Amino acid sequence: RFFSSISPDSPVQRYSRAYLCHLLEVRELLATMLLVHHNLYVYRQFFVAIRHHVRQGSIRRYAAWFMRTQTSEAVAEPAPGPAPK
């Protein structure tokens, strides 16, 4: 796993986690550049998903799923919201 990419769909998938770790350890500027590129991609995908769920009226369910699976916080399912218009 350490020699796989940081994420299969990342724009920096050609670089392994081990290589990125090495770049960080030697304080190479390329590490910061690659990780910023990756993080901007992740944020963009996150906001694409948020906009989609807002349009579909399922943002509460998505937020509950996100908090349950992507954080260490324990969150209860939200109460049903108003029906989409």
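Author: Axes are lines fitted to C-alpha atoms, for helices over the stretch in contact, and angles run from 0 to 180 degrees between N-to-C directions. Helices are DSSP runs of H or I with at least four residues, strands are runs of E with at least two, and both are numbered from the N terminus. This is a predicted model, in which local features need pLDDT of at least 70 and side-chain atom pairs count only at pLDDT 80 or more, while totals for chains, interfaces and linings use all residues. Residues are numbered from 1 along each chain as its sequence is written, and side-chain values use heavy atoms, with hydrogens and water left out.

Reader: Which elements does the chain contain, and in what order do they run?

Author: The chain has three helices and zero strands, in the order α-α-α from the N terminus.

Reader: How is the packing of H2 and H3 described?

Author: Two packed helices are described by the angle between their axes and the distance between the axes. Here the axes of H2 (29-56) and H3 (residues 59-70) come within 8 Å and cross at roughly 145°. In contact (heavy atoms within 4.5 Å) are Phe46, Ala49, Ile50, His53 and Val54 of H2 with Ile59, Tyr62 and Phe66 of H3.

Reader: Which residues of H1 are buried, and what covers them?

Author: Buried means under 20% relative accessible area, with a 1.4 Å probe and protein chains only. In H1 (residues 17-25), Ala18, Leu20 and Leu23 are buried, and their cover includes H2. Just after H1, Arg27 takes a positive phi of about 55°.

Conventions: Buried < 20%, exposed > 50% of the residue type's maximum accessible area, 1.4 Å probe, protein only.
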